[in-house]
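Student: Could you walk me through a structure and show me how to read its features? I would like the general idea each time, and then the case at hand.

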Amino acid sequence: MPAPLTIDHLRRYAIARSLFKPTTLPRAIAKLGFVQVDPIRAPARAQDLTLRHRVNDYRAGDLEARYARLAIEEDFFINYGILPRATQRLMHPRTARVEWSRARWTQAQAVLEFVQSRGAAHPREVDAAFQHGTTKNWFGGNTKASTQLLDGMHYRGLLRVARRDSGIRVYAPQLAHEQDEPDDPDAALDALVDVAVAKYAPLPAATLGRLVMALGSAAPQWREQRRAALARTKARLPQATVDGCRWFWPADENPASRRFASDAVLDDQLRLLAPFDPVVWDRQRFEQFWDWAYRFEAYTPAPKRVRGYYALPMLWRGQVIGWANAAVRNGRLQLQAGYVAGRAPRDAAFKSSLQEERERLEQFLAL
């Protein structure tokens, strides 16, 4: 009779399946299924910090530099990010929850024709051509109305992101809004759920529910079908109750297998993870695995921060033992580390592991 599944099995499984052997950039994106994008650079953007652990010889900015040559798209999924083109197509034609007025659609059609005439257009070119003025953004500040219109057109599938110039999205026509509806919307929604499960497994039941509900932004046309999709997901995925919590994972995997039970997944390589890395993304699971709370504090007023502006969780030997804030000053990398135990591990291997991670970060940042 096999031994019962434990939280240790689940923790090892989560680490090993997500931090797979580094591979090529296209394969890493395919294995991850989705890479969250964030504009903050501290010391690099979240997408680059996530990919550096999973792509051979990855350097900050490689995704942006190679984006136009890859079969990927920027779009809103669980949140905003990069995903394979085949996955992005599952979400379209998308019916936005906010219905545009006839005047807004007239504006959008004029901008679409402008972008089509150029093949691709930077937001400043659109703004110069149409002079839409400014408008209030979601945060209460002012933003160019052209930028907001382009965002809305992208979300509705009229435009795609062709590339980025210094982090700014450059748009090209897409016309995903004109593609056929899927023959089986339930199957398409289930496929999107499977992408999220594969990215973040193993999932506590509460997190699984939140992920399925979050697909209401990815595919608002199917918002009413989400609860049925969640019920189907819970019925078809393997699952187990561990320490009073129901856990779910992909159908072709087994957290209790020898592959995940081996101490090989608890290696001496220290990894500083992005705040949105799949290993740490689910804050509930994080606390269940490591018995302390990690919070993203970039938008927290400085006097109230506990761990720093952009604290990178520190994974070592299968445990997240602390965090580090990284910054580049005068061309040199500075690391300020903190530890859950109040001090660094006394193990002789730790100091060299931290130094090796520093050197990898310097190479990644081309310092």
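Tutor: Happy to! Let's begin with a strand pair: β9 and strand β10 (residues 245-248) run antiparallel and are joined by four bridges. Across that pairing, A240 stands opposite W247 in β10. Please keep in mind that this is a predicted model.

Student: Which strands form the open sheet that holds β10, and in what order?

Tutor: There are three strands, in the order β8-β10-β9, with antiparallel pairing. β8 (203-204) and β9 (239-242) are at the edges with a single partner strand each, so one side of each has no neighbour in the sheet.

Student: What should I expect of the side chains in a strand?

Tutor: In a regular strand they alternate between the two faces of the sheet. Now try that idea on another sheet. Four strands make an open sheet in the order β11-β12-β13-β14, and here too the pairing is antiparallel. Its edge strands are β11 (271-272) and β14 (332-339), each of which pairs on one side only.

Student: How many bridges join β13 to β14?

Tutor: Eight bridges join strand β13 (residues 319-329) to β14, and the two run antiparallel. To find your way along the pair, look for A324, whose bridge partner in β14 is A337.

Student: And where would I look for a hairpin?

Tutor: Look for paired strands with a turn between them. In this model, β6 and β7 form a hairpin with two residues between them. S166, in the turn, has a positive phi of about 50°. Strand β6 (residues 159-165) pairs with strand β7 (residues 168-173) in the antiparallel sense, over six bridges. R163 stands opposite V170 in β7.

Student: Let's turn to aromatic rings. How many aromatic pairs does the structure hold?

Tutor: It holds 17 aromatic pairs. For an example, take W316 and F350: their ring centres are 5.2 Å apart and their planes are at 75°, so this pair is edge-to-face. The cut-off behind that reasoning is that planes over 60 degrees apart count as edge-to-face. The pair also links distant parts of the chain, with W316 in strand β12 (residues 312-316) and F350 in helix α14 (residues 348-364), 34 residues apart.

Student: Are those two residues buried or exposed?

Tutor: W316 is buried, at a relative accessible area of 6%. F350 also counts as buried, with 3% relative accessibility. The cut-off for buried is under 20%.

Student: Which residues form an aromatic cluster?

Tutor: One cluster is made up of W247, F286, F289, W290, W292, Y294 and W323.

Student: Where else does a charged end sit over a ring?

Tutor: At F364, where the charged end of R52 sits over the ring, 5.6 Å from its centre.

Student: A pocket is open, unlike a cavity. What is the volume of the second largest pocket?

Tutor: Its volume is about 330 Å³. The second largest pocket is lined by 16 residues, and R17, K31, A198, P250 and E253 lie nearest its centre.

Student: Which element gives the most to that lining?

Tutor: α9 does, with four residues. At least two lining residues come from each of α1 (7-18), α2 (25-32) and α9 (185-200). The lining has seven nonpolar, one polar and eight charged residues.

Key: Residues numbered from 1 in each chain as written. Predicted model: local features only at pLDDT ≥ 70, side-chain atom pairs only at ≥ 80, totals over all residues. Heavy atoms only, no water. 1 Å grid on protein atoms, 1.4 Å probe; cavity = no way out; pocket = protein on both sides within 12 Å on 5 of 7 lines; lining within 4 Å. Points joined across faces, edges and corners; volume = space filled by probe spheres on them. Nonpolar A, V, L, I, M, F, W, Y, C, P; charged D, E, K, R; others polar. Phe/Tyr/Trp six-rings, centres within 6.5 Å; stacked < 30°, edge-to-face > 60°. Buried < 20%, exposed > 50% of the residue type's maximum accessible area, 1.4 Å probe, protein only. Lys NZ or Arg CZ within 6 Å of the ring centre and 35° of its normal. Pairing = 2+ DSSP bridges.
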